[in-house]
Amino acid sequence: MDKPTVPELLGKSKDEILAVLGGIYEHSSWVAEEFYAEHVEGKDTSATITNVRDLFQSMSSIVDKSSNQQKMDLLCAHPDLCAKIDALKKLTKSSQEEQSSAGLDTLTDEQRDQFSKMNSGYREKFGFPFILAARHVTKYTVLSAIEGRLQMTVESEFSGALFQVSKIAWMRLLAAFKITGQKGFLTCHVLDTANGCPAVNMRVQLHRITPEEDAGLVKEFTTNDDGRLPGGPALKEDEFLVGTYQWTFFVGDYFARKNAKTSGIPFLDEVPLRFGIDDPEEHYHVPLLVSPWSYSTYRGS
């Protein structure tokens, strides 16, 4: 069955809307029900909720203004991330996929014991289960996160756990809808910090890493006189998909053309930068500042 766009779903019946949105917040369909009553029932959403971001902001506002007890109930509705394989069937389908993608079904006995002890300590200290948006992390990230968050105050961790719930809801919404007409785009700029100038005529490749069904080389570029990609954004509109990407900058070839005094085996030859695009409505600017001996990047806009 094809995924709907956000406007398509909101034009359907209440039952059809709740069938899609009811599981966005774990075992907490009241969020979707209140969203429907407040934002959809008897209202024209065509101008107010047009994409996943609008929908997310509307649903998360329901959680934000709920009582502390409702928020606590929402946290307690989530499963322990160290659930055993034979208990996965008790989780929601979304939670099963999220835990499996994090490799939590491959915990060694030692890791499981370590996590179980920290998880018990977490529950005892905070009164709710350890929650982490696990769809795009590894089991090592999970183990590191719970170890660090055990040091938080109760007030700070209550807020932090709700932030994780919000991230989970965002990723579930992205997975539930067909994304079209996105306004986001990807750009790049390469600066030669050794010579204090734009890196002209550097070859750059863009690969998509995830989702796996769309993985592979997306495009290849040669930077222009300003060190930017010719023709504008590398990705825009329907090409601009949520996922993991990698720039590959062929800096060894570039500095050879500049007659830079580099070692026999170049310290930097090909520079890979792996980054994630999480919001189809935002501008992601991922530049490279590079010399024969160092490089840096940042998320610009």
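**Salt bridges**

Author: Arg53 is partly exposed, its relative accessible area being 25%. Keep in mind that this is a predicted model.

Reader: Which residue does Arg53 meet in a salt bridge?
Author: Glu282; the two side chains come to 3.4 Å, N to O.

Reader: And how many residues apart in sequence are they?
Author: They are 229 residues apart.

Reader: What network are Arg53 and Glu282 linked in?
Author: A network of salt bridges that also includes Asp279 and Arg299.

Reader: New topic. How many salt bridges are there in the whole structure?
Author: A search finds 10. One of them joins the side chains of Glu38 and Lys65, at 2.7 Å from N to O.

Reader: Where do Glu38 and Lys65 sit?
Author: Glu38 is in helix H3 (residues 30-40), and Lys65 is in the loop between helix H4 (52-64) and helix H5 (68-76). They are 27 residues apart, and the pair links distant parts of the chain.

Reader: Why is Lys65 called exposed, but Glu38 partly exposed?
Author: Because exposed means over 50%: Lys65 has a relative accessible area of 52%, whereas Glu38 has 32%.

Reader: What does Arg228 form a salt bridge with?
Author: With Asp226, their closest N and O atoms being 2.7 Å apart. Arg228 is partly exposed at 36% relative accessibility, and Asp226 is partly exposed at 37%.

Key. Residues numbered from 1 in each chain as written. Predicted model: local features only at pLDDT ≥ 70, side-chain atom pairs only at ≥ 80, totals over all residues. Heavy atoms only, no water. Salt bridge = Lys/Arg side-chain N within 4 Å of Asp/Glu carboxyl O. Helix = DSSP H or I, 4+ residues; strand = E, 2+ residues; numbered from the N terminus. Buried < 20%, exposed > 50% of the residue type's maximum accessible area, 1.4 Å probe, protein only.
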